[in-house]
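Visitor: I am new to this structure. Please take me through it one question at a time.

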Amino acid sequence: MVGAPARRLQVAYARSRGLSQRRACALLSTSRSSLHHYESRLEARDKPLMAAMTDLAATYPRFGYRRINVFMERLGHVMGADKAFRLWSKAGLQVPRKRPRKRVAASRPRPQLPMGANELWAYDFVYDACANGQQIKCLTVVDEYTRECLAIDVAGSIRSGRVIEVLSRLISERGAPLSLRSDNGPEFVSKALLRWAAQESLDLALIEPGKPWQNGLNESFNGKFRDECLSMEWFRCRSEARVVIEEWRRHYNSIRPHSSLNNMTPEHFCRQYGKNLNRGETLKN
């Protein structure tokens with residue numbers, strides 16, 4: 001059976017050979033009303049939304065439809081998760097799947113959790129390389145409560161002395177935290193850093209060897225940092241890497257929505273709950 005689109009093509013061909021529309025429809029046993037196909041109004045309404053969603057997906061290629069929907073709401077296109085998923089699927093947009101993480105069968109004791117801002121900072125290293133062969137080492141520092149990235153220090157080599165410099169600068173700007181969480185790397189358990197932490201009255205919450213999940217929030221941030229910045233950018237040299245990474249850090253704090261903060265940014269979260277955070281109160285949903 002020939003469908004309506006094929007019949008329309010047949011009638012169009014017959015008319016190009018000199019037949020009238022009425023005669024062509026009679027010869028081909030086609031209703032004249034079928035020549036005027038219906039155009040869905042839903043398609044017309046969805047077209048600008050899909051275009052905006054496609055542009056956002058091109059700007060943030062590692063974001064899925066839920067986080068893209070937050071940006072759509074900021075642009076004034078308010079829609080539910082079901083509609084966002086329908087448009088996302090219709091536009092053929094998707095995020096490449098990550099490799100599954102290793103799962104630990106052993107029981108997991110709950111790590112120390114902060115009750116307010118500036119209570120617990122977590123820090124760790126991330127490694128990458130530039131196109132010119134230069135190796136880069138990034139020291140990431142995150143406030144575990146506000147999810148704010150306080151600093152990403154980029155260099156070829158970062159030892160305990162430079163770690164102390166970065167932390168001292170942050171303390172002078174933001175005040176001292178109660179604790180610092182890190183793994184047992186040589187830079188974090190050196191005598192110089194332990195002596196400095198004692199002078200500053202800082203508690204070092206070192207995780208157990210071989211258990212990076214105890215520093216889970218910083219590990220999660222490092223995964224996003226690599227996925228959304230290091231894997232997406234091509235650094236020609238170490239100086240360019242510092243500029244691009246600092247721009248990404250500011251974007252992460254001021255623009256990127258965080259599902260753990262009710263889709264607020266860390267800066268918005270701090271502004272909205274600043275008084276509560278200073279008193280160490282938790283966010284009430």
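Visitor: Is the crossing of helix 3 and helix 4 left-handed or right-handed?
Guide: This is a predicted model, where local features need pLDDT of at least 70, side-chain atom pairs count only at pLDDT 80 or more, and totals for chains, interfaces and linings use all residues. Residues are numbered from 1 along each chain as its sequence is written, and side-chain values use heavy atoms, without hydrogens and water. Helices are DSSP runs of H or I with at least four residues, numbered from the N terminus, and a crossing is right-handed if the near helix is turned clockwise from the far one by less than a right angle, left-handed if anticlockwise. The crossing of helix 3 and helix 4 is right-handed.

Visitor: Which residues of helix 4 make the contact?
Guide: Contact means heavy atoms within 4.5 Å. Helix 3 contributes Leu 49, Ala 52, Met 53, Leu 56 and Ala 57. From helix 4 come Ile 68, Phe 71 and Met 72.

Visitor: Which residues touch the most other members of the largest nonpolar core?
Guide: A nonpolar core is a set of buried Ala, Val, Leu, Ile, Met, Phe, Trp, Tyr and Cys residues joined through side-chain atoms within 4.5 Å. Buried means under 20% relative accessible area, exposed over 50%, partly exposed in between, with a 1.4 Å probe and protein chains only. Of the 22 residues in this core, those touching the most others are Tyr 123, Leu 139 and Val 163.

Visitor: Which helix supplies the largest share of this core?
Guide: Helix 6 (160-174) and helix 7 (191-199) each supply at least two residues. The largest share, six residues, is from helix 6.

Visitor: Why does Cys 25 count as buried?
Guide: Cys 270 counts as partly exposed because its relative accessibility is 24%. Cys 25 counts as buried because its relative accessibility is 3%.
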